[in-house]
Amino acid sequence: MIRDSYDLMTSTDSDPARQAFEAAVLGVAAHRPSTAAALTTTLAADPDHVGAHALTGFANLLLARSETAAPAATALGRARAALLARDGGTADERILVDALALAEAGYFGAAADRLDAGFADRPALFPPFKIAHALRFMLGDAAGMLAASQRAMAVWDEDLPAAGFLLGCHAFALEEHGRYDAARAAGERAIALEPRDAWGLHAVSHVHEMRGDTARGIDLLEANRDSWSRCNNFSFHVAWHLALFHLERGEHERVLQLYDDEVRPRPSDDFRDMANAVSLLWRLRQSGVAVGGRWHELAEIAHARRADTTLVFAALHNLAALMAVGARKAALELVAAIEAKGTATGDQARVAASVGVPLAHLIAEHGAFADQRALDNLLEGLPSIGGSNAQRDVFVLAVARVAGRRGDRVALSRIESIRHGLRAEDRLFRTIELRA
């Protein structure tokens, strides 16, 4: 039995496996492209490393693609077999595998709860804390993220393993609740403690975006390029934030340059990369900016994924890409797939039924909110599709656009009131209002 540098108890007797697994956890924390290789090294050193199998399973589930479901199930099976090979493993390992089983069955929220309960005596133990944070992010569960990070902060000090990364997660949870002063303070301290904490840096950039402070947002991201540009595709997302700051300033040529060079430097069907690209092009289009043929590359990927409703958040972005090029037949197929998802079981089925279907009808332009109650239900339920307030804002703007096209000033006013509870007035919403 080994206690690793993150204080996780593992049943491995291989020091090289321990070191490689610690490198994998650091890769997750810092969004480094080396994570997969570190997991491979771990399992080469110890094929029965339970934590490595569990982390592999979670990583596949968080990719939220239909084809990664099978590798996630395989990882779960191997983790269970590894527990048997290790006479049941450690209590820490058993909790990780229990949580993976729940997540693999489609219950991310229950998986995060299992991690919280299992490690209640060590709420700042970084590997399970970060996994639960990621699962809740996928569900848009800001309350759960904040509750967990507050428990970690109750025992936090600078000497804890991954102290800076823990604080960066807390900063993000605070920001998603509109507690901007506290979020900025926590995020800036996280970056000072751990310069590799791109998530904490990203939390501070959210604060500047929500406050409409474009100059500080640009300065922050440009000054820290050396940190976030080393990330995996999370660097594309940070570049997306940088592009949004420039878009708010009306610097459209700079936005297009960022899109081509840093937001979408190469084709990718990763749902996070697609969300960055789709939402940025949608905003540019609403701002009256010609984007050339950029939509077509996205629409091709969306067309190939028109039956994939693993994650409603991803499906809705794919739907927007199809509608942007007028691919109505494929768009309606995707709407039908979201409707079918709503009749299944699991967290995403619930999201599809309550929010995904009405929002899909709205994006596909063959439905709209019937009255104010329907509008309120849609907006209040929107966080459940996952992502951040900043990412979901494109759908709030899409709803506002529908209200504007209908000349529904009451609905526009209601949307503005809800939206401005989180963010400063911005150029694009004013454009939509003026068109109405």
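The sections below take the basis of the model, then the pocket, a cavity and the helix pair.

## Basis

The model is predicted, with local features requiring pLDDT of at least 70 and side-chain atom pairs pLDDT 80 or more, while totals for chains, interfaces and linings use all residues. Residues are numbered from 1 along each chain as its sequence is written, and side-chain values use heavy atoms, leaving out hydrogens and water.

## Largest pocket

The largest pocket holds about 980 Å³ of space. Its lining comprises 38 residues, and His-31, Ala-59, Leu-62, Asn-232 and Arg-272 lie nearest the centre. On a 1 Å grid over the protein atoms alone, a pocket is an open set of points with protein on both sides within 12 Å along at least five of seven lines, a cavity is a set where a 1.4 Å probe fits but cannot get out, and lining residues have an atom within 4 Å of a point. Volume is the space filled by probe spheres set on the points, which are joined across faces, edges and corners.

## Largest cavity

Two cavities of 30 Å³ or more are found in the whole structure. The largest has a volume of about 100 Å³, and its lining includes Phe-21, Phe-58, Phe-126 and Lys-130.

## Helix pair

The axes of α9 (residues 163–176) and α10 (residues 180–193) come within 8 Å and cross at roughly 160 degrees; the two helices are therefore roughly antiparallel (over 145 degrees). Axes are lines fitted to C-alpha atoms over the stretch in contact, with angles from 0 to 180 degrees between N-to-C directions. Helices are DSSP runs (H or I, at least four residues), numbered from the N terminus.

Conventions
Angles under 35 degrees count as roughly parallel, over 145 as roughly antiparallel, 65 to 115 as roughly perpendicular and the rest as oblique.
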